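I opened this notebook to record what I looked up in one protein chain. The entries follow the order in which I consulted the model.

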Amino acid sequence: MKTTHRRLSSSFTKLCERVSSFKNGDDNIRELQAVFAYIDANRDGRISVEELKKSFNTLGEQLSDEEAKVVGVVMSLQRKMLEAFRMYINEGEDCITPRSLKTMLMKLGELRTNDDCRVMIKAFDLNDDGVLSFDEFAHMMMR
């Protein structure tokens, strides 16, 4: 029994790590959307505890109600952050640039210069490349 519990906990941990360490990029976005669509059996835009448990059961794994709730919350949060992130990027780009930030702020009625936007990005630009990746955006949102 202990071995089974450890294996399930390990599978649960790996899923949580995979979902929470999601990287931005078209292939990964499509992958996340496909996984979400697969689990969201009734297509209501939400993943219920029962849908998640059923999906894991199909894969030969079992989740407790508590584990399913945690994964559901993580996936929902990740999806909402991805939607918010995509509002700030320009078509064909995979990160928030000073130009794309300025464009979005203008849509929101905030007039900022490119220099203002560079300063805002710099505050959360963990790798100092002058843009915000999805991971950096998520880090900013979780602060």
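Which backbone nitrogen does the side chain of E51 reach? I found that the side chain of E51 reaches the backbone nitrogen of N42, at 3.1 Å.

Basis of the entries. I worked from a predicted model, in which local features need pLDDT of at least 70 and side-chain atom pairs count only at pLDDT 80 or more, whereas totals for chains, interfaces and linings use all residues. Residues are numbered from 1 along each chain as its sequence is written, and side-chain values use heavy atoms, with hydrogens and water left out.

Entry on E51. I located E51 in helix α3, residues 49-58 (helices are DSSP runs of H or I with at least four residues, strands are E runs of at least two, numbered from the N terminus). E51 is buried (under 20% relative accessible area, 1.4 Å probe, protein chains only). I noted no salt bridge for E51 (a side-chain nitrogen of Lys or Arg within 4 Å of a carboxyl oxygen of Asp or Glu). Leaving aside neighbours within four places in sequence, I listed I39, D40, A41, N42 and R46 in contact with E51 (heavy atoms within 4.5 Å).

Entry on I47. I found I47 in the loop between α2 (26-39) and α3. I47 is buried, and its relative accessible area is 16%. With neighbours within four places in sequence set aside, I47 is in contact with F36, I39, D40, L52 and M75. I also looked up V73: I47 and V73 are 26 residues apart in sequence, and their C-alpha atoms are 8.8 Å apart in space.

Entry on the UniProt record. In an unreviewed UniProt entry I read the annotation "domain: EF-hand" for residues 27-62 and 112-143; such annotations may be inferred rather than shown by experiment. For the span 112-143, I noted 56% helix and 0% strand, with the end C-alpha atoms 23 Å apart.

Entry on α7. In helix α7 (residues 134-142), I recorded F134, E136, F137 and A138 as buried. The buried residues of α7 pack against α4 (65-87).

Entry on the whole chain. I counted seven helices and zero strands in the protein chain. Buried residues make up 34% of its 143 residues. Of the contacts in the protein chain with a separation of 6 or more, 45% join residues 24 or more positions apart.

Terms used:
Buried < 20%, exposed > 50% of the residue type's maximum accessible area, 1.4 Å probe, protein only. Lys, Arg positive; Asp, Glu negative; His and termini not counted. Polar contact = N/O pair within 3.5 Å; in protein donor to acceptor, adjacent residues only side chain to side chain.
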